[in-house]
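Here is a short note to go with the structure.

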Amino acid sequence: MEVDLNRAVLVLNANYEPLHVCSTKRAVGLLVTGKAELMVNGRGHIRTTRLTYPAPSVIRLEHMIKRPRPRVKLSKREIFRRDNYTCQYCGRQTQHLTIDHVIPRHKGGGHEWDNLVAACPPCNRRKGGRNPVEAQMHLKRKPAEPNATPDYLFSRHIKENMEWEKFIKGW
């Protein structure tokens, strides 16, 4: 069985905090150099001409990495994800959405988490260049920056890596 060297591997800090997702190739490099230890091997082995290495699913760094608290990057995809692919004006859940500036940019609204929402095209057209009060449209919930919890950051990988769940859910 051939191991996919680009498959995602969960990287834990020395205190078991989920830090990052890297490729299997990078994870094996960290294991071989002694910078990390294997926590879960659920993917078989990588064979070279001389040695066999485990194909890790979860690794833990040997030394504690200090870093600032992560933040969710502002992007169209993350706004849709935060709003659960639901129009924030009519409540319709759909994959065909647009981004709406609650306070239009020409009226001083910024391109920030608390001013951007997911909207279906009919609601976005109806609102136009007005604010929600002028358009007589009300938001389903107030927009805000999502918390960058490990559960939020790594949840898209959980379906194909169920063994990660016990490391992610505790934080």
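Two strands are taken as paired if DSSP finds at least two bridges between them. The model is predicted.

1. Pairing of E1 and E6. Strand E1 (residues 8-12) and strand E6 (residues 58-61) run in the parallel sense and share three bridges. Within this pair, Val-11 has Ile-59 of E6 as its bridge partner.

2. The sheet as a whole. E1 and E6 belong to an open sheet of four strands, ordered E2-E1-E6-E3, with mixed pairing. Strands E2 (18-23) and E3 (36-40) each have a single partner strand, so one side of each has no neighbour in the sheet. On average, neighbouring strands are turned by 30° against each other, direction ignored.

3. Helices on the sheet. Helix H1 (residues 24-32) packs on the sheet and touches E1, E2, E3 and E6. The direction of H1 makes about 110° with that of E2. Helix H5 (residues 150-158) lies across E1 and E2, at about 25° to E2.

4. Which residue makes a polar contact with the side chain of Glu-78? The partner is the side chain of Tyr-152, at 2.8 Å. Glu-78 sits in helix H2 (residues 76-82). Its relative accessibility is 10%, and because buried means under 20%, Glu-78 counts as buried. Leaving out residues up to four places away in sequence, Glu-78 touches Val-72, Lys-73, Trp-113 and Tyr-152.

5. In soluble globular proteins, nonpolar side chains tend to be buried together. The largest nonpolar core here has twelve residues, including Phe-80, Leu-97, Val-117 and Met-137. Strand E8 (residues 116-119) gives the largest share of this core, three residues. Beyond its neighbours within four places in sequence, Phe-80 is in contact with Tyr-85, Leu-97, Thr-98, Ile-99 and Ala-118. Another core, of eleven residues, lies apart from the largest one; Ala-8, Val-21, Val-40 and Phe-167 are among them.

6. Positive phi values. Asn-84 is not a glycine, yet has a positive phi of about 55°. Asn-84 is in the loop between H2 and strand E7 (98-101) and is partly exposed, with a relative accessible area of 47%. Gln-136 also has a positive phi, near 55°. Gln-136 lies in the loop between helix H4 (132-135) and H5 and, at 65% relative accessibility, counts as exposed.

7. Salt bridge Glu-163 to Arg-43. The structure holds eleven salt bridges. One of them joins the side chains of Glu-163 and Arg-43 (4.0 Å, N to O). Glu-163 is in the loop between H5 and helix H6 (165-168) and Arg-43 in the loop between E3 and strand E4 (45-47), so the pair ties together parts 120 residues apart in sequence. Glu-163 is partly exposed at 26%, whereas Arg-43 is buried at 6% relative accessibility.

8. Other charged pairs. Arg-71 and Glu-145 meet in a salt bridge through their side chains (2.7 Å, N to O). Arg-71 lies in the loop between E6 and H2 and Glu-145 in the loop between H4 and H5, 74 residues apart. Arg-71 is exposed at 62% relative accessibility, and Glu-145 is partly exposed at 29%. Lys-107 forms a salt bridge with Glu-134, with the closest N and O atoms 2.6 Å apart. This pair links the loop between E7 and E8, which holds Lys-107, to helix H4, which holds Glu-134.

Note on methods. Residues are numbered from 1 along each chain as its sequence is written. This is a predicted model: local features need pLDDT of at least 70, side-chain atom pairs count only at pLDDT 80 or more; totals for chains, interfaces and linings use all residues. Side-chain values use heavy atoms; hydrogens and water are left out. Helices (H or I, at least four residues) and strands (E, at least two) are DSSP runs, numbered from the N terminus. Axes are lines fitted to C-alpha atoms, for helices over the stretch in contact, and angles run from 0 to 180 degrees between N-to-C directions. Contact means heavy atoms within 4.5 Å. Buried means under 20% relative accessible area, exposed over 50%, partly exposed in between (1.4 Å probe, protein chains only). A polar contact is a pair of N or O atoms within 3.5 Å; within protein, one must be able to donate a hydrogen and the other to accept it, and residues adjacent in sequence count only if both atoms are side-chain atoms. A nonpolar core is a set of buried Ala, Val, Leu, Ile, Met, Phe, Trp, Tyr and Cys residues joined through side-chain atoms within 4.5 Å.
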